[in-house]
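Subject: Structure handover

Hello,

Please find the structure below. My notes on it follow.

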Amino acid sequence: MEGIKLDDVVLKTGNRINGFINYGQKPDGSNFRIPVIIVDSKLEGPTLLIDACTHGDEYEGAEAILRIMDEFETRGFRGKLIGVPALNFEAFAEISRASITDGFNLNRIFPGNDNTYITHRLAYVYMERVVKYVDQVITFHGGGDVLHLEPIIGYLPGDDSVSEVALGMAKAFNVKYNWKMQNLPFTGVSALEYKKAFGIPTILPEVGSHCDRLKSREKNVKICYEGILNVMKYLEMLEGEVVVRDDQMTVELNYIHSRNGGIQKLIKKENDIVEEGELMGEIYDVFGNKIEELFAPYRGVVIGFWSVPVIRPGDWWYLFAKILD
Ligand SMILES: [Zn+2]
């Protein structure tokens, strides 16, 4: 495909290429690499990049990407699909949120650079060799191993045409919660940098979590899969009507951190609407004494929480959203 060039091609069929982009040689001679799947319809249309595992323990999107790429190898559509099921491949393989080698969180260091740490180089190489050549991005996240999250779709707000497309993609993805990503408490996020560098609309679905995988792994993969199909319809890569549920809500997600470490008790749970001042959670010390109470700082809806009984001081305790409409 024009633009995206792979260093190692491992499969080439009529319209599909599987391969790797290399971004750093290791002491044993092997490479750090990004797995890439390209499915080209050979018909004019957008180039949609779908990636997962920017955080290595968030697998629901990865499974959906593999399903989509297999399906569109034989099913007709317009444009090109670029699938990156495991962007931080090292973290993916080691079941880790962050990179193993240097410990960085990939979604805090975009746009990266070519001359410092290996995770920074991953961000840089990905932007220069993949993202630069696409028209839209779906970048999957999720609760990973320690959080629970209800499905929620992030988009960057704004009055420009890039933001308008991102909002349309978010609504088309079609889960209950649309996350207007304003007042983000961190920088170096891929969606922000893709917009800044290349004017590319990006949506960030958060779907699934480890505590949900026992019963709902397939259900969550299906949410990702159907979301992609609906976004493809919105982008006119596929024919058909964009199906949108009527209970979509716009929210602003906020992260409430624990003050102390201990054994935490969740009083408010997923999807609960909580009034300002209501008790949400408690933390107990190792002797069973209550050492912390969390009261809702505003009226909102519980999107997610720390799902492990033990919490450390400063961990994300609740993902608590303000309701905007
Ligand atoms: Zn993530």
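The bend at a residue is the angle between two axes, one fitted to the seven residues ending there and one to the seven starting there. Helices (DSSP runs of H or I, at least four residues) and strands (runs of E, at least two) are numbered from the N terminus. The model is a predicted one, in which local features need pLDDT of at least 70 and side-chain atom pairs count only at pLDDT 80 or more, while totals for chains, interfaces and linings use all residues. Residue numbers start from 1 along each chain as its sequence is written.

The bent helix

Helix α6, residues 210-234, bends by about 100° at Ser216. The helix has 25 residues, yet its end C-alpha atoms are only 30 Å apart, whereas a straight helix would reach 36 Å. That expected span is 1.5 Å times one less than the number of residues. Just after α6, Glu236 has a positive phi of about 60°.

The parallel strands

Two strands pair if DSSP finds at least two bridges between them. Strands β8 (residues 152-155) and β9 (residues 177-180) run parallel and are joined by four bridges. In this pair, Tyr155 stands opposite Lys180 of β9. Together with helix α4 (residues 161-173), β8 and β9 make a right-handed β-α-β unit; right-handed means that, with the strands pointing away from the viewer, the path from the first strand over the helix to the second runs clockwise. β9 also runs parallel to strand β11 (residues 249-257), with three bridges between them. Trp179 has Val251 in β11 as its bridge partner.

The loop at Tyr133

Tyr133 lies in the loop between α3 (118-129) and β6 (136-139). It counts as partly exposed because it has 17 C-beta neighbours inside 10 Å; 20 or more would be buried and 12 or fewer exposed, with C-beta atoms placed from the backbone. Beyond its neighbours within four places in sequence, Tyr133 is in contact with Gly3, Ile4 and Thr47, contact being C-beta atoms, placed from the backbone, within 7 Å. Tyr133 and Gly3 are 130 residues apart in sequence, but their C-alpha atoms are 6.0 Å apart.

The whole chain

The protein chain has six helices and 18 strands. Of its 325 residues, 47% count as buried. Among contacts with a separation of 6 or more, 66% are between residues 24 or more positions apart. The C-alpha atoms fill a box of roughly 65 × 50 × 35 Å along the principal axes.

Regards

Notes. Two residues are in contact if their C-beta atoms, placed from the backbone, lie within 7 Å.
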